[in-house]
Amino acid sequence: MEILIEELKTTHQKTLQETDTQLRFTLESLESAVEFVSAMSEDEEMMFQILNEWKDSLHEEKRDITIKKSQKDYHRVLSKVGKHLVSLPSNEIPFLTSKKLERELIDQLIAEHLYRIGDFELADQFVQDSGSKIPEGFRDLMVQMHQILNQLDQRDISSALNWVHQTLQLREKDSVKEKEVKKKLIQETSKNETEIKMEKEIEIKKEEQKEKEIEIEIEIEKDEEQDEKEKGKGKGKENSQKNNTQQKQIIKRTHSFEFKLHKAFYLNILLKNEIKEAIKYSQKWFKKFALTHMKEIKQLAGCLVYSNDFAKRRFPELFDGSVWLQLHSEFIEIYCLVAEIPSHSPLELLCQAGESAVSVLKKVSGLIPIKTGDELPMEIPVANNFKFHSSFICPVSKERSTQKNPPVLLKCGHVISKSSMKTLLENGKTKFKCPYCPVITNSQIDCIEIKF
Amino acid sequence: MNLQKSLIQPCFEQLSRRLHKQYSLLNKTLTASFKILYSLPKNQNVGCEKIVEQMKKEIERLSKLQKDLNNYSKDDQLIIKKMQLRLQYHLSLLKDSQQEKKIEKVDEKEKEKEKEKETETETETIIKEERKMEIEKEKKDEKEKEMIVEEKKEKTKKNPLFQDQIKLRKLELNRKLTEYMFRKGYNKTGTMLTERHHFLKQLVDQSLFLQGKKVSVSLSKHDLSIPLKWCLINRSKLKKIDSRFEFQLKKQQFIEIMRKGNRTKAINYARKNFPPWVGKCFPEIKRVMGLLAFATPNEQSPIPIEEKEPFEMLPKRYQLLYGEHSWKKLNEAFQREHVILFGLSESPSIEVEFKSGICALKTASCQNSHKPNQNKKTKEKEEQKDLEINSFDQKMKVLKSSDNNGTNSIGQRNTNCPICHPIVNKIAENYPRNLITHSLIICPLSGQIMTPDNPPMICPNGNAYSLDEMKKMAEQNNGIVTDIKTNEIFKFTQLKRAFIV
């Protein structure tokens, strides 16, 4: 194809040149003929003689025909290109044609994507043009995020710090409230012997450890008691528990993110060789991270001793600016985690995954009709970073495990689905041999159903 | 994805049309002027001055032809350059995607460098040079920005290919977005996008879609003259695609004549225009001709029948022909034909990719995440919920309340699943999910995929977590681990290792 287009270019130039020269010659001969004729205007016979001669010479040269011929080369190459293009397959995949209901939804997605990128002018214009609705508050979230990111890129951590402090305050308030509620519940409820023993063991360990670990254990006690009494509440309970642990994760992550902010700023000061300022800064901010990030603080303090060049050689990853780039991407992740939205634009992820999928789908849709809502007849290979959900395929039956057919852990540690276990049990027997190793499992005692 | 056709065919079509124009212009003027020139000596009775005048006229005409051809060919050369650029772009995209696959299979640092050397070619260097030009422009800003840019440059020296790859991918996504904008008629956003990114004007056929808009605007105004002209111009090519669009336009014209009540005119029109289409579209012709027998929308019945208008007594399928619906259909048909003529695909390429991405990434847990129970009662409740849920926050809360690993998790990974996003999930309902042939377990705590080095550990209640996370927890809590989903505690020694094949 490249060769064809190169050829096209050259022939085009050639034809242009040729037509140009031919036309030029005709014009020249015309003009000279005009001169002659006007000179010989008195003598008519001579004039017509000259004209005749000129006309014959024109005929012989046949310039008009050569001009038309020169166009043909270009025409020929162009039609070659055209034939080649027609022979290429089209990008149509029949079962993926657009449906009416999807258009609005796709517009909404694109609007979200544009807001995520940070180009607010463009995104607002798009919303205006398409009339799509974005979820409430999303725009403001993104505006805030990009403000902080812009500041970070200019190595200013003040707004990021503000945000971090705000979120930590909010989360810690919530966790304190929950603690108080739990303590009251524990005082009210009665305890069994085994639980008392467990509590004693745990209490001894408690005294040596931090607040957060106490929270976990209080939760366990409370929940064990409540689970005995209130079995029906199931999901709601799990939610509050999960939210609680989620809160803790968020607190942890924002805490370490704050440290990274201070670290990057500190390194910046060091780069400017302002050692006293660096010391002051570290004294002010690094105290609260002493328990969790001691190793890194030691490293940073060590950098004070080295001169600038030596420090750059010794710790290149600290001084080459990659710290700021990492901050940038981490901030996006944490901000989205706190705001409970996905950290990457779903449109972008889907398009990335779709690039390789298109060719596979094209081949298959030509061979087998694909029903929507079902499974594809073949697997589209997908990179690991696009995998978000667990799935278990039984190695014996090659079926996907569901809630009705869960995977089962055998005594030896191998996992098969429940249905294949049933097929291995013959005639009401309870023991069977694992298909992978000679260990015998008792189906009623040793098996555990796994929930992935 | 084979973009070659959709990228290059529009340029090719443009070039061939221009060639036709040029050739016909050339032909006409040359034959005309040479005819006159050859005939000059024969006019013996004509005076000398007149002959001179005629010759001067011909000089003017031919020199004008020369200028016109020159102008044409300048623009032609621009189009050919555009074609070359697009081909380069397409080839560099292909190379990147091939390299990505290699890198996934092989170890990272050393072998990357080897392949960088092997695969660098002229086309890539041309694109790199142009990008370097861009980077140099940025350097002229403030000092702090210079610092940052220099640091980034140092990074690019380490991994030059990756940087180019990222930019290429972004450019490709933006190209698809601009194509989408222009196709849907969001011209302002489209032009804004082309201004932001360097190559987009060359890569997207803005003029094509703007031309198409003229026709669709006239269709929305119920004016058939411009679309009919368009059909005339593109007749030969429409024949190749075997399109019936021209017939549909004529059918609409017939309906419009009927609307005014002029039956004889309508019959004459049909006699002129419908015969060539009898072979392909006979059933449609029959139905349209049936309109002659029924009352038109504005006609009054000579005998008043009940209180209804005569038009309302028509069977529905005939009533529909007079309505807005047929205009909408025409518009859609035009959009399709217009785009196919130039080698582009029927739906915008971003939609095609997006949907194939859905097919690739969709799993059963994504499907189930929005439908926790299949009972009738809960279905009604869901419908009520759907009506109430408008804000994003509420939607996310609904997601969390479902009892499924896919949507609520502590490890950050699963909230990022694009298919579980509420909008995408609605779209994804209509598409199949990907076949999974190998087990893949993700730790709910860390969000990482469990491998033989980091196998799942099963608690006595059946929940699974990765070994690394359980170890960490045990170290921090003196050998005791907690199950996050149920908050039960176990000893680390109670956990059993599972072997996933």
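## Close-up views of a predicted model

**View 1. His338(B) sits in helix H16 (residues 324-341) of chain B.** Helices here are DSSP runs of type H or I with at least four residues, strands are E runs of at least two, and both are numbered from the N terminus. This is a predicted model, where local features need pLDDT of at least 70 and side-chain atom pairs count only at pLDDT 80 or more, while totals for chains, interfaces and linings use all residues. Residues are numbered from 1 along each chain as its sequence is written, chains are lettered from A and ligands numbered from 1 in the order in which they are written, and side-chain values use heavy atoms, leaving out hydrogens and water. With a relative accessible area of 3%, His338(B) is buried (buried means under 20%, exposed over 50%, partly exposed in between, using a 1.4 Å probe and protein chains only). Beyond neighbours within four places in sequence, His338(B) is in contact with Leu208(B), Gly212(B) and Trp230(B) (contact means heavy atoms within 4.5 Å).

**View 2. Glu102(A) and Lys355(B) meet in a salt bridge of 2.9 Å, N to O.** Glu102(A) belongs to helix H4 (residues 100-117) of chain A and Lys355(B) to helix H17 (residues 349-361) of chain B, so the pair joins two chains. Both Glu102(A) and Lys355(B) are buried. A salt bridge is a side-chain nitrogen of Lys or Arg within 4 Å of a carboxyl oxygen of Asp or Glu. By this rule, the count over all chains comes to 30 salt bridges.

**View 3. Arg18(B) forms a salt bridge with Asp75(B), at 3.6 Å, N to O.** This pair links distant parts of the chain: Arg18(B) is in helix H1 (residues 4-39) of chain B and Asp75(B) in helix H2 (residues 48-105) of chain B, 57 residues apart. Asp75(B) is partly exposed, at 37% relative accessibility. Look also for the salt bridge between Arg18(B) and Asp76(B), at 2.7 Å, N to O. Asp76(B) lies in helix H2 and Arg18(B) in helix H1 of chain B, so the pair ties together parts that are 58 residues apart in sequence. Asp76(B) counts as buried, at 0% relative accessibility.

**View 4. Salt bridges that share partners join Glu172(B), Arg175(B), Lys176(B), Glu179(B), Arg183(B) and Glu353(B) into one network.** Why can such partners meet? Side chains of opposite charge can pair when their charged atoms come close.
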